[in-house]
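Visitor: I have a chain open here and would like to talk it through with you. Could we start with burial and then move on to the strands?

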Amino acid sequence: MKPLRVLVCGGDSLALQKVAHSLSDEGVRVETSPRIIDRLCRSDQEWALLLIDLNALTSYLRGVLPAIRLQFPNLNILGITDGSPPDIGFLACDLQLDGCMLSLP
């Protein structure tokens, strides 16, 4: 069985590396990138999950996510935020994410 492939994107490279390290420890194949579109659209990659750091990116994501949904309709998209729990539900709904969770400490 092929390992799960996850793309982790966002502006905080240290936070991305922490998430990637935690997932890698669980056997997940992870790549990180500050640029969602460039990395996602590489033709030689097939991603099972897009994990996005939502902190300070929500206005950018409102413009990009509809295009990602059209291009990759079967891609699961989850958001990570350090916001409060009520914010998580709002973000997931507002950005039409498959889910949202608090970031790792």
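Guide: Of the 105 residues of the protein chain, 38% count as buried, where buried means under 20% relative accessible area, exposed over 50% and partly exposed in between, with a 1.4 Å probe and protein chains only. This is a predicted model, in which local features need pLDDT of at least 70 and side-chain atom pairs count only at pLDDT 80 or more, while totals for chains, interfaces and linings use all residues. Residues are numbered from 1 along each chain as its sequence is written, and side-chain values use heavy atoms, with hydrogens and water left out.

Visitor: What does the chain average in pLDDT?

Guide: The average is 79, and 80% of the residues score at least 70; pLDDT is the predictor's confidence in each residue, from 0 to 100. Where pLDDT is low, the predicted coordinates should not be read in detail.

Visitor: How many helices and strands are there?

Guide: The protein chain has four helices and five strands, and from the N terminus on they run β-α-β-α-β-α-β-α-β. Helices (H or I, at least four residues) and strands (E, at least two) are DSSP runs, numbered from the N terminus.

Visitor: Back to S1, then: which residues cover its faces?

Guide: Arg5, Leu7 and Cys9 lie on one side and Val6 and Val8 on the other, and all are buried. Because five of the five residues of S1 are buried, the strand is largely enclosed by the rest of the structure. The charged end of Arg5 also sits over the ring of Trp47, 4.7 Å from its centre; the rule asks for NZ of Lys or CZ of Arg within 6 Å of the ring centre and within 35 degrees of the ring normal.

Visitor: And which strands does S1 pair with?

Guide: S1 runs parallel to strand S2 (residues 29–33), joined by five bridges, and Val8 stands opposite Thr32 there. Two strands count as paired if DSSP finds at least two bridges between them.

Visitor: Is S3 mostly covered or mostly open?

Guide: S3 is mostly covered, with five of its five residues buried: Leu49, Leu51 and Asp53 point one way and Leu50 and Ile52 the other. S3 is also joined by five bridges to strand S4 (residues 76–81), which runs parallel to S3, and Leu49 has Asn76 as its partner there.

Visitor: New topic: which residues touch the most others in the largest nonpolar core?

Guide: Of its 16 residues, those are Ile36, Leu40, Leu50, Ile52, Leu65, Ile68 and Ile77; such a core is a set of buried Ala, Val, Leu, Ile, Met, Phe, Trp, Tyr and Cys residues joined through side-chain atoms within 4.5 Å. S1, helix H2 (36–40), S3 and helix H3 (58–71) each supply at least two residues of this core, and the largest share, four residues, comes from H3.

Visitor: Last one: why does Leu54 count as buried?

Guide: Leu54 counts as buried because its relative accessibility is 2%. Leu54 is found in the loop between S3 and H3, and its C-alpha atom is separated by 5.7 Å from that of Ile80, 26 residues apart along the chain.
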